[in-house]
Amino acid sequence: MGLELYLDLLSQPCRAVYIFAKKNDIPFELRIVDLIKGQHLSDAFAQVNPLKKVPALKDGDFTLTESPWVLAAKSSKADPSWPHGGSAWRQQWGRTSSRRPMRSF
């Protein structure tokens with residue numbers, strides 16, 4: 001069984017996860033959870049995500065329930081080096097920190 005993505009396209013975080021997966025050709029099985037009908041509050045969905053929120057990503061027995069982590073998990077499936085992208089960017093530009101330098105007065 002592959003990735004299962006639980007979402008409602010009325011939700012902006014769900015759309016972001018959906019678009020990201022489609023754009024990066026990450027195969028997944030779409031599971032629509034109709035928020036207007038309250039399907040996210042059902043006992044069946046509570047077994048997927050006890051917090052009863054979308055999006056949720058299920059990969060076998062493992063489930064992610066927060067949209068930034070869902071995106072990160074999908075990214076690492078598409079490109080295993082993705083989680084290290086921030087440090088690679090800082091090295092490319094010669095920066096050791098994302099903070100602005102402090103001024104001396």
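Which residue, with a positive phi, follows α1? The residue is Asp-25, whose phi is near 50 degrees. The model is predicted, so that local features need pLDDT of at least 70 and side-chain atom pairs count only at pLDDT 80 or more, while totals for chains, interfaces and linings use all residues. Residues are numbered from 1 along each chain as its sequence is written, and side-chain values use heavy atoms, with hydrogens and water left out. Helices (H or I, at least four residues) and strands (E, at least two) are DSSP runs, numbered from the N terminus.

**Sheet**

- Four strands form an open sheet of mixed pairing, in the order β2-β1-β3-β4; two strands pair if DSSP finds at least two bridges between them.
- The edges are held by β2 (29-32) and β4 (62-64), each of which has a single partner strand, so one side of each lacks a neighbour in the sheet.
- Neighbouring strands of this sheet are turned against each other by 20 degrees on average, direction ignored; the axes are lines fitted to C-alpha atoms, for helices over the stretch in contact, and angles run from 0 to 180 degrees between N-to-C directions.
- In general, strands of a sheet pair through backbone hydrogen bonds, either parallel or antiparallel.
- β1 and β2 are parallel and share four bridges, whereas β1 and β3 are antiparallel and are also joined by four bridges.
- Tyr-6 has Arg-31 as its bridge partner in β2 and Ala-56 as its bridge partner in β3.
- Strand β3 (residues 56-59) runs antiparallel to β4, with three bridges between them; Leu-57 stands opposite Leu-64 in β4.

- Strand β1 (residues 3-7) is largely enclosed by the rest of the structure, because five of its five residues are buried; buried means under 20% relative accessible area, exposed over 50%, and partly exposed in between (1.4 Å probe, protein chains only).
- Both faces of β1 are covered, with Leu-3, Leu-5 and Leu-7 buried on one side and Glu-4 and Tyr-6 buried on the other.
- The largest nonpolar core has 16 residues, of which Leu-5, Tyr-6 and Phe-45 touch the most other members; such a core is a set of buried Ala, Val, Leu, Ile, Met, Phe, Trp, Tyr and Cys residues joined through side-chain atoms within 4.5 Å.
- Two or more residues of this core come from each of β1, α1, α2 (43-48) and β3, and β1 gives the most, with four residues.

**Helix α1**

- Cys-14, Val-17 and Ala-21 of α1 are buried. They cover an arc of only 65 degrees around the axis and therefore lie on the same side of α1; the arc is that of the directions from the helix axis to the C-beta atoms.
- Ile-19 and Lys-23, on the other side of α1, are exposed.
- A right-handed β-α-β unit is made by β1, α1 and β2 (with the strands pointing away from the viewer, the path from the first strand over the helix to the second runs clockwise).

**Loops and backbone geometry**

- Asp-25 lies in the loop between α1 and β2 and counts as exposed because its relative accessibility is 68%.
- Lys-52, in the loop between α2 and β3, has a positive phi near 60 degrees although the residue is not glycine.
- Lys-52 counts as partly exposed, at 27% relative accessibility.
- Pro-55 lies in the loop between α2 and β3 and is joined to Val-54 by a cis peptide bond with omega of about 5 degrees.
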